[in-house]
Amino acid sequence: MASRFNVVAACVAIAAAPDALRAQPDQQEFRLVTPPLSISREQIRPPADALPVPDGFSREQIVHGDRVFHGEAANGQCSVCHGIDGKGTANGNDLTAGMFVWSDGSVSQLKRTILHNMAVAPGMDGDLRPADIDAVAAYVWAISHRSP
Ligand code: HEC
């Protein structure tokens, strides 16, 4: 209930503010309630050799997907938007939370999402060949299935 009290207190404070202050709201100090999603957080690259491997895929594919994701193979651009740690930036969402907007998070559906991205924005994700797409889809599955 502390937060509700704070809201009430803030309303009382605004109501009690001098008329001049309320008449010029752009001159009031602007303070964010929560910090914006920060890309300046410490972004730790997940260890590709310790990530889980989805059924039907190999460790080599996870390692290759990690390289694609981080721009070390196939000119992959994923980490530019989704973060080195995959936890997102202002330009791409968190891929590690295990919750996906566009699929159930299975490798095959992640692959479909990536193919769709590539169809609507050719070249934006990198120069991906089929083997790169399989690997990076398996990698996204892996970073979304890490044990805490
Ligand atoms: C130019 C920035 C950008 C790049 C590069 C990029 N993405 Fe994304 N990606 C986005 C944004 C933004 C969304 C969210 C789109 C939406 O919700 O409509 C997204 C969505 C996704 C999703 C779906 C997430 C969900 O919740 O369903 C996956 C999976 C994904 N990206 C993987 C990748 C992979 C893998 C790469 C590299 C091959 C990549 N992205 C490169 C910006 C980017």
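Colleague: What covers the buried residues of H5?

Modeller: The cover includes H6. Keep in mind that this is a predicted model.

Colleague: Which residues of H5 are buried?

Modeller: Val107, Leu110 and Ile114 are buried in H5. Seen down the helix axis, the buried residues of H5 fall within an arc of 65 degrees, so they line one face of the helix.

Colleague: And which exposed residues sit on the face turned away from that buried side?

Modeller: His116, Ala119 and Val120.

Colleague: How far apart are the end C-alpha atoms of H5?

Modeller: They are 20 Å apart. H5 has 14 residues, which at 1.5 Å a residue should span 20 Å, so the model agrees with expectation.

Colleague: Let's turn to H6. How many of its residues are buried?

Modeller: Twelve of the 14. H6 is therefore largely enclosed by the rest of the structure. The buried set includes Asp132 and Asp134, along with Ala138, Tyr139 and Trp141.

Colleague: What do the buried residues of H6 pack against?

Modeller: H3, H4 and H5.

Colleague: What about the length of H6?

Modeller: From first C-alpha to last, H6 reaches 20 Å. That is close to the 20 Å expected for its 14 residues at 1.5 Å a residue.

Colleague: Stepping back, what's the overall secondary structure?

Modeller: Six helices and zero strands. Along the sequence the pattern reads α-α-α-α-α-α.

Colleague: How much of the chain counts as buried?

Modeller: 24% of the 148 residues. As for contacts between residues at least 6 apart in sequence, 63% of them join residues at least 24 apart.

Colleague: What's the average pLDDT?

Modeller: The protein chain averages 84, and 74% of the residues score at least 70. Over residues 7-14 the pLDDT is below 50. Beyond near neighbours in sequence, that stretch has zero contacts in the model.

Colleague: Now the ligand. How many residues surround it?

Modeller: There are 23. The closest are Cys78, Cys81, Gly92, Phe100 and Trp102.

Colleague: Which helices each supply at least two residues of that shell?

Modeller: H4 (78-82), H5 (107-120) and H6 (130-143).

Colleague: How does the shell split by class?

Modeller: It has twelve nonpolar residues, ten polar and one charged.

Colleague: On to the loops. Where does Pro54 lie?

Modeller: In the loop between H2 (19-23) and H3 (59-69).

Colleague: Is Pro54 buried or exposed?

Modeller: Buried. Pro54 has 20 other C-beta atoms within 10 Å, and 20 or more is the cut-off.

Colleague: What is Pro54 in contact with, leaving aside neighbours within four places in sequence?

Modeller: Val107, Ala138, Trp141 and Ala142. Val107 is one of the buried residues of H5. Ala138, Trp141 and Ala142 are among the buried residues of H6.

Colleague: How far is the Pro54 C-alpha from that of Ala138?

Modeller: The separation is 6.7 Å, although the two residues are 84 apart along the chain.

Colleague: What about the loop between H3 and H4? Where do Ala74's phi and burial come out?

Modeller: Ala74 is found in that loop. Its phi is near 55 degrees, a positive value in a residue other than glycine. Most residues other than glycine have a negative phi. Ala74 is buried, with 20 other C-beta atoms within 10 Å.

Colleague: And what is the phi of Asn75?

Modeller: About 55 degrees, also positive, and Asn75 is not a glycine. Asn75 has its place in the loop between H3 and H4. With 13 C-beta neighbours inside 10 Å, Asn75 counts as partly exposed.

Colleague: Last one. What is Gly71 in contact with, leaving out neighbours within four places in sequence?

Modeller: Gly76, Gln77 and Ser79. Gly71 is in the loop between H3 and H4. Gly71 counts as partly exposed, with 15 C-beta neighbours inside 10 Å.

Note on methods: Residues are numbered from 1 along each chain as its sequence is written. This is a predicted model: local features need pLDDT of at least 70, side-chain atom pairs count only at pLDDT 80 or more; totals for chains, interfaces and linings use all residues. A residue is near a molecule or strand if its C-beta atom, placed from the backbone, lies within 6 Å of it. Helices (H or I, at least four residues) and strands (E, at least two) are DSSP runs, numbered from the N terminus. Ala, Val, Leu, Ile, Met, Phe, Trp, Tyr, Cys and Pro count as nonpolar, Asp, Glu, Lys and Arg as charged, and the others, Gly among them, as polar. Two residues are in contact if their C-beta atoms, placed from the backbone, lie within 7 Å. The expected span of a helix is 1.5 Å times one less than its number of residues. The arc is that of the directions from the helix axis to the C-beta atoms. pLDDT is the predictor's confidence in each residue, from 0 to 100.
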